[in-house]
Structure formats: C-alpha cells, structure tokens
Amino acid sequence: METVNVISSSVKSIGYEGTTLEIEFHNGSRYRYYQVPLHVYQGFLNADSYGHFFNKYIVSSYRSRRMSNLADNTK
C-alpha cells in the first residue's frame, strides 16, 4: 500500500487501498482500518488537524488491526 507522509504531531503517514485505511503514528505504531469509504479518506487527507479528524471520525467508527510497532523491532 502506498502511503503519503503528512505534517502532524501524531500522524506520520496515511495510506488507502480499496476500502482499507492505513495510518502510521509517530510513536511507530501502524494500524489498518477496514471498510472506510473513499470520502472519509479524502476528508482525512484534507483535514486541518489529522489528530482531531482521526479521533472524531475514524478511531471508534471502523474495525481496526494493529499491524506493527517500529519500536518493537529495535529489541
């Protein structure tokens, strides 16, 4: 999945393929959110605050799976 780096204090990058949204956070964690409509992804990309948009429209609205945490790989 291709991702786009964003300027945010919490979100590092955003990717979207099919209806799957992938978000990587600055703390190294990466999550995939499933069945996310295209308009939600587009709204996220265009948000003034990625963290606010994520908390309001994504985190509690879509099934998710933690993919990795880069910090876990440094042990």
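This tour visits the salt bridges of a predicted model, one selection at a time.

Local features here require pLDDT of at least 70 and side-chain atom pairs count only at pLDDT 80 or more, whereas totals for chains, interfaces and linings use all residues. Residues are numbered from 1 along each chain as its sequence is written, and side-chain values use heavy atoms, with hydrogens and water left out.

A search of the whole structure returns 3 salt bridges, each defined as a side-chain nitrogen of Lys or Arg within 4 Å of a carboxyl oxygen of Asp or Glu.

Select E24 and K12. Their side chains form a salt bridge with an N to O distance of 3.9 Å. E24 belongs to strand β3 (residues 20-25) and K12 to strand β2 (residues 11-17), so the pair ties together parts 12 residues apart in sequence. Strands are DSSP runs of E, at least two residues long, numbered from the N terminus. E24 is buried at 15% relative accessibility, while K12 is partly exposed at 35%. Buried means under 20% relative accessible area, exposed over 50%, and partly exposed in between (1.4 Å probe, protein chains only).

Next, select E22 and R32. The salt bridge between their side chains spans 2.6 Å, N to O. This pair links distant parts of the chain, with R32 in strand β4 (residues 29-33) and E22 in strand β3, 10 residues apart. R32 is partly exposed at 22%; E22 is buried at 6% relative accessibility.

The side chains of R30 and E22 meet in a salt bridge of 3.4 Å, N to O, and R30 is partly exposed at 23% relative accessibility. With R30 displayed, the view holds a network of salt bridges linking E22, R30 and R32.

Terms used: Helices (H or I, at least four residues) and strands (E, at least two) are DSSP runs, numbered from the N terminus.
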